[in-house]
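Here is a short report on one model.

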Amino acid sequence: MVEVSTSILSVKKGEESKTFFALETAKTDYFHIDVMDGEFVEKNTYQSMLEYASYIRRISNAPLDVHLMVKNIKKAVNDFSAVEPNIITFHLEACENEEEVWENINYIKQNHCKVGISVKPNTNIEAVYQYLPYVHMCLVMTVEPGKGGQSYLSEMTDKVRTLKTYIDDNDLEIDIEVDGGINLRTAPEVKKAGANILVAGTAILNAVDYKVIIDELKTGV
Ligand code: DX5
Ligand code: ZN
C-alpha cells in the first residue's frame, strides 16, 4: 500500500497552522520534516523545523517522518526525539565511516524510533545494502537534497528498481521512500519501480485540495 509523506519545507510563511490543520484533515500519512543544518546542505531550517514539528505534534496524531540533512546526527536525534517522531532518517554521506553509520542506527533505536537511511542521487545504492536488514526504511533522494521545488531526476527510477529487486531477493521487509520532484506525472513510474512512500512538498502545498492530490498520488497510474 502506497503512503504519502507531505514535506512541510515549502509551507508559506504566516500560513503554517492553517496548512498543518488542512493536511491533518486531508489525512496525510506522514508529515515529512526536512531538517537542514546549513553545513550538510546550504539551507538552515533546523530551528523552524523543530518549532513546526512541536506544533504539529500538538495538533495531529499523524506520524512525523524526520529527514535529517545534517552533519551532527546525534545532536539532531537528541533534539528531534522531543517531538516523538515515528522515524528518523539520516544520510549515509554525512557519516565519516561504516562505524559511524552503525552508531547512528543504534543511537536512533535507543531513542525508541524507527530508522531510515538515505542516499543522495550520486551515491550508488549498493552502499546501503549491508545496513538494510537493520533499518526500517531506505530513502532514495530523487533530487539533490537542499531545497524544494526541484525536478525529478529520471535516472533515479532505475535506482529504485534496483533497490526493490535487492530487497525482494533478500526477503527484507523495509519501506522504500522517494523524495524530491514527486508529483502526478512522476509518481506512477516511481511507484511501479517499487517505492511505497512518496514524499511530496510542492505538488501538495500548491494544490487547491490536499485530500484530492494526496489520493491521486496514491492511486494514479
Ligand atoms: C529536499 C527535501 C525534500 C523536498 C521535497 O532536500 O528533502 O523533502 O522538500 O519537496 P518537493 O516535493 O517540492 O520536491
Ligand atoms: Zn526530505
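How far is an oxygen atom of ligand 1 from an N or O atom in the side chain of H32? The distance is 3.4 Å. This is a predicted model: local features need pLDDT of at least 70, side-chain atom pairs count only at pLDDT 80 or more, and totals for chains, interfaces and linings use all residues. Residues are numbered from 1 along each chain as its sequence is written, chains are lettered from A and ligands numbered from 1 in written order, and side-chain values use heavy atoms, without hydrogens and water.

**Ligand 1**

The table lists polar contacts (pairs of N or O atoms within 3.5 Å).

| Side chain | Distance to an oxygen atom of ligand 1 |
|---|---|
| S7 | 3.0 Å |
| H32 | 3.4 Å |
| D34 | 2.8 Å |

On its own, ligand 1 has 380 Å² of accessible area (Shrake-Rupley method, 1.4 Å probe). The protein covers 99% of that. Ligand 1 is surrounded by 20 residues (a heavy atom within 4 Å). The closest are D34, G146, D179, G201 and T202.

**Core**

The largest nonpolar core holds 74 residues. Such a core joins buried Ala, Val, Leu, Ile, Met, Phe, Trp, Tyr and Cys residues through side-chain atoms within 4.5 Å; buried means under 20% relative accessible area, exposed over 50%, with a 1.4 Å probe and protein chains only. I33 and L132 have the most contacts inside this core.

**Positive phi**

E84 has phi near 45°, and D171 has phi near 50°. Neither residue is glycine. E84 is exposed because its relative accessibility is 58%. D171 is exposed too, at 68%.

Definitions and conventions. Polar contact = N/O pair within 3.5 Å; in protein donor to acceptor, adjacent residues only side chain to side chain.
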